[in-house]
Amino acid sequence: MEDKLEAIFEGLKQKSTTKQTIYRNTQDVFERMRVAAADVVAFLSQKITEVDSNVIIEYRNINEFEFHIKFSGDLLIFVMHSNVITFPDDHELMTSNYVEEDFRRRFFGHIMAYNFMADSIKYNRMNDPGYLLARILINVENHFYLEGVSELDLEYTDMAKNVVDNKALRLFIESAMVASVNNDLMAPALDDIKKISVKQKMENQQVSRGQKLGFSFSYESNNFKG
């Protein structure tokens, strides 16, 4: 009986310690990402002002788990999840040699980047879609794995080699902005907008608004490494 309790205690202690370390690592990465985002915005704002002072690029800190970058009609929302996650045993990441070598590497903090049309938030258009651009997974050793849209074109699939650094975080932010800008709005079909409901009118919804094409994820054609 005592042997079983001791085994349970040791397992809980190891897992709890691992998750606490991962959470702190993810917090640190998120804070560094904030700094990188603010630097990117400051640089681009100065450059674009020289060309057109009416174009606004801004960084906004929302809370400890979220910040925004607004630019060119787009809104990038970066969110740090408060929970540590894992994946099923058949997930490609879990079958990598790197993860199989150490049980603690099976757990991850995660940060998501979403793309919305800025006016969707401004005008409270609740039915407008947003698109997940990418998710960064952070482990106990401060290594990371990037899942994202193919438009980002980032080669960060080998978690054994991917140690978090400021260069990678800045490149991730810049690439997310490029993917957002390049994903243009498409006008809706005429049949989809020829009728408007009273509810839409009362809620001040712009039913003729366009919609982004969406993104294809890199894992759909990606060959996993590691």
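Visitor: Hi! What kind of model is this, and how are the residues numbered?
Guide: Residues are numbered from 1 along each chain as its sequence is written, and this is a predicted model, where local features need pLDDT of at least 70, side-chain atom pairs count only at pLDDT 80 or more, and totals for chains, interfaces and linings use all residues. Side-chain values use heavy atoms, with hydrogens and water left out.

Visitor: What pLDDT does the protein average?
Guide: The average is 78, and 69% of the residues score at least 70. pLDDT is the predictor's confidence in each residue, from 0 to 100.

Visitor: Where is the pLDDT below 50?
Guide: One such stretch is residues 185–190, which has eleven contacts in the model beyond near neighbours in sequence. Another is residues 207–226, with 63 contacts beyond near neighbours in sequence. A contact means heavy atoms within 4.5 Å. Where pLDDT is low, the predicted coordinates should not be read in detail.

Visitor: Okay, new topic. How many helices and strands are there?
Guide: The protein has six helices and eight strands. Helices (H or I, at least four residues) and strands (E, at least two) are DSSP runs, numbered from the N terminus. Starting at the N terminus, the order is α-β-β-β-α-β-α-β-β-α-β-α-α-β.

Visitor: Which way do strand 1 and strand 2 pair?
Guide: Strand 1 (residues 57–63) pairs with strand 2 in the antiparallel sense, over six bridges. Two strands count as paired if DSSP finds at least two bridges between them. A hairpin joins strand 1 to strand 2 through two residues, and I57 has F71 in strand 2 as its bridge partner.

Visitor: And what about strand 2 and strand 3?
Guide: They also pair in the antiparallel sense, over six bridges. E66 has V79 in strand 3 as its bridge partner. In the hairpin of these strands, with two residues between them, S72 takes a positive phi near 45°.

Visitor: What pairing links strand 3 and strand 4?
Guide: Those two are antiparallel as well, over seven bridges.

Visitor: Why is strand 3 described as largely enclosed?
Guide: Six of its seven residues are buried, so strand 3 is largely enclosed by the rest of the structure. Buried means under 20% relative accessible area, exposed means over 50%, and partly exposed is in between (1.4 Å probe, protein chains only).

Visitor: Which residues have the most contacts inside the largest nonpolar core?
Guide: They are M33, I69, L76, F78, F172 and I173, in a core of 32 residues. A nonpolar core is a set of buried Ala, Val, Leu, Ile, Met, Phe, Trp, Tyr and Cys residues joined through side-chain atoms within 4.5 Å. Among the elements giving two or more residues to this core are helix 1 (2–51), strand 2, strand 3 and helix 4. A second, separate core of ten residues includes V99, F108, L137 and M159.

Visitor: I spotted some rings. How many aromatic pairs are there?
Guide: There are six. Rings of Phe, Tyr and Trp (its six-membered ring) pair if their centres lie within 6.5 Å; planes under 30 degrees apart count as stacked, over 60 as edge-to-face and the rest as tilted.

Visitor: Is the pair of Y59 and F67 stacked or tilted?
Guide: Their centres are 5.6 Å apart and their planes at 40°, so that pair is tilted. F67 and F78 have centres 4.7 Å apart and planes at 15°, so they are stacked. F67 lies in strand 2 (residues 66–71) and F78 in strand 3 (residues 74–80), so this pair ties together parts eleven residues apart in sequence.

Visitor: Which residues form the aromatic cluster?
Guide: F30, Y59, F67, F78 and F172 form one cluster. Y59 is partly exposed, at 26% relative accessibility, while F67 is buried at 0%.

Visitor: Last one: is S180 buried or exposed?
Guide: S180 is buried, at 0% relative accessibility, and lies in helix 4 (residues 166–182). A polar contact of 3.5 Å joins its side chain to that of N115. A polar contact is a pair of N or O atoms within 3.5 Å; within protein, one must be able to donate a hydrogen and the other to accept it, and residues adjacent in sequence count only if both atoms are side-chain atoms.
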